[in-house]
Amino acid sequence: MTGYALITPARDELDNLRRLSAAVVNQQVLPTEWIIVDDGSADGTAALASVLARRHEWIRLVAAPRRGGPLDEGRQRGRDVVAFHAELGALRRRPDFVVKLDADVSFGPEYFDRLLREFDADPALGIASGMCLERDGEGWRPWYVTEGHVRGATRVWRRECLEAVLPLEERLGWDGVDELKAATLGWRTRSFREPVFYHHRPLAAREGSARGRAWVTIGSTAHYLGSRPSYVLFRALHHARHELAALAMIWGYASAAARREPRCPDADVRDYLRSRQRLRNLPLRAREVIGGPS
């Protein structure tokens, strides 16, 4: 079994960090290092991280790089990725695996042990995660993604893969770009049905946004990645069967196109994505869904 390191950007995450730290320190295989990056918290997050660092020599608290502008704008521009980049080079050891771990998740004690075993079993696996569960009115339910998409909340990179795709995009949608880069370089990316992790802050809940605003963001990100308009339309209609707000994805895509917003500069990434989104491939993509019907 090989070593892994965690990096957690955090701002005003006291309750979440308390829950997350309990999950981390109880892992069957402990990380070699856990860096908690405090982004100017005012709720005691930094104080809790300091306590954790005193209790465990493999935990460290650092301050996030200073960055101006409104907080919401910072998130749109990948504020957490900026913090991740800053601390990646500060790792004291050179781990075999690096994890960007959000503060608003939790998982069982076997979580990282099981993921590392998946990496050991597949030398071409470059990026992976467990399946994300989010709470609705009836309990915890899976958040549906295609098998090759890895949620950014507990994203594990094999070190060689991470070095090949760096730097990460400092904007929303970064977790789509790096896995597409990885795929063009021959790496596999995978979300597994097991183990699972619990996401305690639903999509867009941080800013108190309506679900429609979240889907607008997904649409604008699809434009940045170079998605086919036909695929965006199909995806929006598919999700709208269960959530009408998903139609806002079309507006997000169209408005980004009308404003001539920039697209991902990596032509290989755009071409690979568009090849995956041909309408004749959609039945295959549907069968790849993780968390959905088998």
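## Contacts around A49

Contact means that heavy atoms lie within 4.5 Å. With that in mind, let's begin at A49, which touches L17, I36 and L61 when residues up to four places away in sequence are not counted. This is a predicted model, where local features need pLDDT of at least 70, side-chain atom pairs count only at pLDDT 80 or more, and totals for chains, interfaces and linings use all residues. Residues are numbered from 1 along each chain as its sequence is written, and side-chain values use heavy atoms, leaving out hydrogens and water.

A49 is part of helix α2, residues 45-55; helices (H or I, at least four residues) and strands (E, at least two) are DSSP runs numbered from the N terminus. Is A49 buried or exposed? Its relative accessible area is 0%, so A49 is buried. Here buried means under 20% relative accessible area, exposed means over 50%, and partly exposed is in between (1.4 Å probe, protein chains only). The C-alpha atoms of A49 and R60 are separated by 7.6 Å, and these residues are eleven apart along the chain.

Now look at strand β4, residues 97-101, where five of the five residues are buried. F97, V99 and L101 are covered on one side, and V98 and K100 on the other.

Which strands pair with β4? Two strands pair if DSSP finds at least two bridges between them. Strand β1 (residues 4-10) runs parallel to β4 and is joined to it by four bridges; in one of these pairs, L6 has V99 as its bridge partner. Strand β9 (residues 154-158) is antiparallel to β4, with five bridges, and T154 of β9 is the bridge partner of L101.

## K100 inside the strand

K100 sits in β4 and is buried because its relative accessible area is 1%. Its side chain makes a polar contact of 2.9 Å with the side chain of D80. A polar contact is a pair of N or O atoms within 3.5 Å; within protein, one must be able to donate a hydrogen and the other to accept it, and residues adjacent in sequence count only if both atoms are side-chain atoms.

Leaving out residues up to four places away in sequence, K100 touches several others, including I7, F84, W157 and W174.

## An exposed leucine

Finally, find L244 in the loop between α9 (229-240) and α10 (248-258). L244 has a relative accessible area of 65%, so this residue is exposed.
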